[in-house]
Number of protein chains: 2
Amino acid sequence: MTTTANDAIRNGVDTATLFATLDAVKSAPEAARFQFRAANEWISGTHNRGTIHGYFGVGEERTHERVFQFDADHPAVLVGRDNGPTPVEYVLHALAACLTAGLANIAAARGVRLTSVTSTVVGDIDLNGILGLNPDVRNGYQNIAVRFTVKGDAPADVLRSIVEQSRNRSAVYDIITNGVPVTIDVATN
Amino acid sequence: MTTTANDAIRNGVDTATLFATLDAVKSAPEAARFQFRAANEWISGTHNRGTIHGYFGVGEERTHERVFQFDADHPAVLVGRDNGPTPVEYVLHALAACLTAGLANIAAARGVRLTSVTSTVVGDIDLNGILGLNPDVRNGYQNIAVRFTVKGDAPADVLRSIVEQSRNRSAVYDIITNGVPVTIDVATN
């Protein structure tokens with residue numbers, strides 16, 4: 001069952017605002033230029049803390065409503081103290097979050113009411129790469145597998161097509177599958 | 001000034017354990033096969049929550065010492081409620097965290113005592129891609145720039161070479177710059 005077109009809030013998505021935002025960007029494409037940022041401070045060993053607050057978008061400097069901070073570390077088996085997830089686990093979290101957010105928006109735009117969306121993301125990695133023990137092994141994940149369970153008021157093929165469209169429009173899926181150029185500058189003392 | 005070779009804890013890194021771990025993996029390379037995991041549950045709109053706890057490594061199922069949970073959302077300007085960072089910001093955090101952890105380990109292994117490591121990571125993204133308004137614009141970041149400030153008891157060229165080696169051995173840098181194949185499966189109802 002799909003909902004009626006005048007159902008303004010669907011899946012917690014304000015569809016009127018969503019469509020208005022699309023129209024606004026259509027008429028002023030430069031509004032869509034964003035810069036996102038993270039800061040990081042080393043604490044000890046593999047333990048460090050990231051801070052996410054400011055960003056640029058829709059023509060001006062902005063801040064999130066609060067400062068977000070996240071610790072990262074290695075577990076003891078990887079010579080850390082387990083004060084936070086490993087950096088590579090944050091990558092899996094980012095992928096699930098991006099696909100899920102897109103899924104909710106796309107379902108809302110298509111008039112589909114979702115009742116439940118859960119997912120697991122697993123990444124296989126051979127640490128002989130980052131340990132420098134085997135030059136034939138890459139540093140990063142060999143592969144990543146996402147498994148969604150999606151429930152809602154629409155047939156299975158419609159729900160699947162919504163996941164497919166979310167993949168087609170996912171920033172993190174694009175970053176992870178296609179790569180992004182990264183520059184690193186270093187200042188000292 | 002570099003520290004003496006018998007300085008077992010350096011930069012908070014237990015170098016004896018670090019070298020013992022390297023030796024252990026050298027003699028049993030299959031111990032280095034890890035699988036990391038994240039789960040995610042949709043809450044409402046672009047708001048969802050990731051959970052990181054279990055992983056596989058050194059031949060067995062393991063768990064972090066506690067369950068890590070992180071909310072993701074979009075800010076209001078992107079039709080969300082700002083309950084957490086955006087998924088793409090978590091990617092920047094992961095990159096900074098990975099390079100920083102590597103840097104501390106590599107400095108410790110080389111006998112360099114670090115006093116301070118901070119970084120900022122910025123990613124430029126044109127949302128005309130994910131909004132589906134311009135087929136020539138990619139969904140993900142156009143580019144990512146990392147800026148480190150590294151202080152420690154070593155000359156600038158040594159500190160820079162440690163950052164360079166961390167880049168050479170970074171899992172997240174490899175994932176982001178070279179890409180990883182991702183599969184997506186969907187179960188419904």
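This is a predicted model: local features need pLDDT of at least 70, side-chain atom pairs count only at pLDDT 80 or more; totals for chains, interfaces and linings use all residues.
The crossing of α2(A) and α3(A) is right-handed. On the α2(A) side the contact is made by A:C98, A:L99, A:G102, A:L103, A:I106 and A:A107. On the α3(A) side A:I162, A:V163, A:Q165, A:S166 and A:R167 take part. By class, the residues of this contact are seven nonpolar, three polar and one charged.

Helix α2(A) also packs against helix α4 of chain A, residues 171-178, at an angle of about 135° and with the axes 7 Å apart. That angle makes α2(A) oblique to α4(A). From α2(A) the contact draws on A:V91, A:A94, A:L95, A:C98 and A:L99, and from α4(A) on A:A171, A:V172, A:Y173 and A:I176. The contact of α2(A) with α4(A) has nine nonpolar residues, with no polar and no charged ones. A:C98 and A:L99 are listed in the contact of α2(A) with α3(A), and they are listed again in the contact of α2(A) with α4(A).

Read from the N terminus, the elements of chain A follow the order β-β-α-β-β-β-α-β-β-α-α-β. The C-alpha trace of chain A spans about 55 × 40 × 30 Å along its principal axes.

Chain B has a helix pair to set beside this. The axes of helix α2 (residues 87-109) of chain B and helix α4 (residues 171-178) of chain B come within 7 Å and cross at roughly 135°. α2(B) and α4(B) are therefore oblique to each other. Here α2(B) contributes B:V91, B:A94, B:L95, B:C98 and B:L99, while α4(B) contributes B:A171, B:V172, B:Y173 and B:I176. The residues of this contact divide into nine nonpolar, no polar and no charged.

The next matter is how the two chains meet. The size of an interface is often given as the accessible area lost when the parts come together. Between chain A and chain B the buried area is about 11,400 Å², and carbon and sulfur atoms give 61% of that area. The contact takes 128 residues from chain A and 128 residues from chain B.

Salt bridges form part of this interface. Over all chains the structure holds 14 salt bridges, and six are found across the interface of chain A and chain B. A:R33 forms a salt bridge with B:D126, with the closest N and O atoms 4.0 Å apart. This pair crosses between chains: A:R33 sits in strand β3 (residues 33-44) of chain A, and B:D126 sits in strand β6 (residues 114-126) of chain B. The side chains of B:D174 and A:R138 also meet in a salt bridge, at 2.8 Å from N to O.

Definitions and conventions: Residues are numbered from 1 along each chain as its sequence is written. Chains are lettered from A and ligands numbered from 1 in the order in which they are written. Side-chain values use heavy atoms; hydrogens and water are left out. A crossing is left-handed if the near helix is turned anticlockwise from the far one by less than a right angle, and right-handed if clockwise. Helices (H or I, at least four residues) and strands (E, at least two) are DSSP runs, numbered from the N terminus. Contact means heavy atoms within 4.5 Å. Ala, Val, Leu, Ile, Met, Phe, Trp, Tyr, Cys and Pro count as nonpolar, Asp, Glu, Lys and Arg as charged, and the others, Gly among them, as polar. Buried area is the accessible area (1.4 Å probe) that two parts lose on being put together, summed over both. Axes are lines fitted to C-alpha atoms, for helices over the stretch in contact, and angles run from 0 to 180 degrees between N-to-C directions. Angles under 35 degrees count as roughly parallel, over 145 as roughly antiparallel, 65 to 115 as roughly perpendicular and the rest as oblique.
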